[in-house]
Amino acid sequence: MTTPTAPDSTPAAPSAAASMKLAAWQGQNLSAILFDLDGTLLDSASDIALALNRATDEFGWPALTLDQVRNSIGRGAPLLVDRTATLQGR
């Protein structure tokens, strides 16, 4: 004989953390996975150009071309901003 359950007493689903399997590499569990998105793994130049041009538009600066942005990428965001200002004659 089964005991009826109330409609609001559904069993809880396992938490995401409890159902996740650990990632491993060469037999060692990984606690983090880092990606370097400078074009080594993904070509993110178009996304960077979009963000950069949205920011410069707020200053009334003209948009840079994708090639200009691609040639300015490298060594971090502060240098990208400096290069952008130089391209804008500022």
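S72 lies in helix 3 of this predicted model. Helices here are DSSP runs of H or I with at least four residues, strands are runs of E with at least two, and both are numbered from the N terminus. S72 is buried, with a relative accessible area of 4%. Buried means under 20% relative accessible area, exposed means over 50%, and partly exposed is in between (1.4 Å probe, protein chains only). A polar atom of the S72 side chain lies 2.9 Å from the backbone oxygen of Q68. Leaving aside residues up to four places away in sequence, S72 touches L80, R83 and L87. Contact means heavy atoms within 4.5 Å. The C-alpha atoms of S72 and A49 are separated by 10.0 Å, and the two residues are 23 residues apart along the chain.

Two notes on reading the model. Residues are numbered from 1 along each chain as its sequence is written. Local features need pLDDT of at least 70 and side-chain atom pairs count only at pLDDT 80 or more, while totals for chains, interfaces and linings use all residues; side-chain values use heavy atoms, with hydrogens and water left out.

L80 leads on to helix 4, residues 77-87. The buried residues of helix 4 are L80, T84 and A85. Seen down the helix axis, they fall within an arc of 135°, so they line one face of helix 4. The arc is that of the directions from the helix axis to the C-beta atoms. These buried residues pack against helix 2 (45-57) and helix 3 (66-72). On the face turned away from the buried side sit the exposed residues P78 and T86. Just after helix 4, G89 takes a positive phi of about 75°.

What makes up the largest nonpolar core? It has 5 residues: A49, L52, L64, V69 and L80. A nonpolar core is a set of buried Ala, Val, Leu, Ile, Met, Phe, Trp, Tyr and Cys residues joined through side-chain atoms within 4.5 Å. In soluble globular proteins, nonpolar side chains tend to be buried together. L64 touches L52, N53, V69, T84, L87 and Q88, not counting residues up to four places away in sequence.

N53 deserves a look of its own. It lies in helix 2. Is N53 buried or exposed? N53 is buried, at 16% relative accessible area. The N53 side chain reaches the backbone nitrogen of L64 at 2.8 Å. With residues up to four places away in sequence not counted, N53 touches A63 and L64.

Next comes charge. The count comes to 1 salt bridge, a term for a side-chain nitrogen of Lys or Arg within 4 Å of a carboxyl oxygen of Asp or Glu. The partners are R70 and D43, whose side chains meet at 3.1 Å, N to O. R70 lies in helix 3 and D43 in the loop between strand 2 and helix 2, so the pair ties together parts that are 27 residues apart in sequence. R70 counts as partly exposed, at 35% relative accessibility. D43 is exposed, at 53%.

Now the backbone. Most residues other than glycine have a negative phi. Q26 has a positive phi of about 50° although it is not a glycine. Q26 sits in the loop between strand 1 (24-25) and strand 2 (28-29). Q26 is exposed, with a relative accessible area of 64%. R75 is not a glycine either, and has a positive phi of about 70°. R75 lies in the loop between helix 3 and helix 4. R75 is exposed, at 78% relative accessible area.

Last, confidence. pLDDT is the predictor's confidence in each residue, from 0 to 100. The chain averages a pLDDT of 83, and 76% of the residues score at least 70. Confidence is highest in helix 3, at 97. It is lowest in helix 1 (residues 16-19), at a mean of 61. Where pLDDT is low, the predicted coordinates should not be read in detail.

Terms used:
A polar contact is a pair of N or O atoms within 3.5 Å; within protein, one must be able to donate a hydrogen and the other to accept it, and residues adjacent in sequence count only if both atoms are side-chain atoms.
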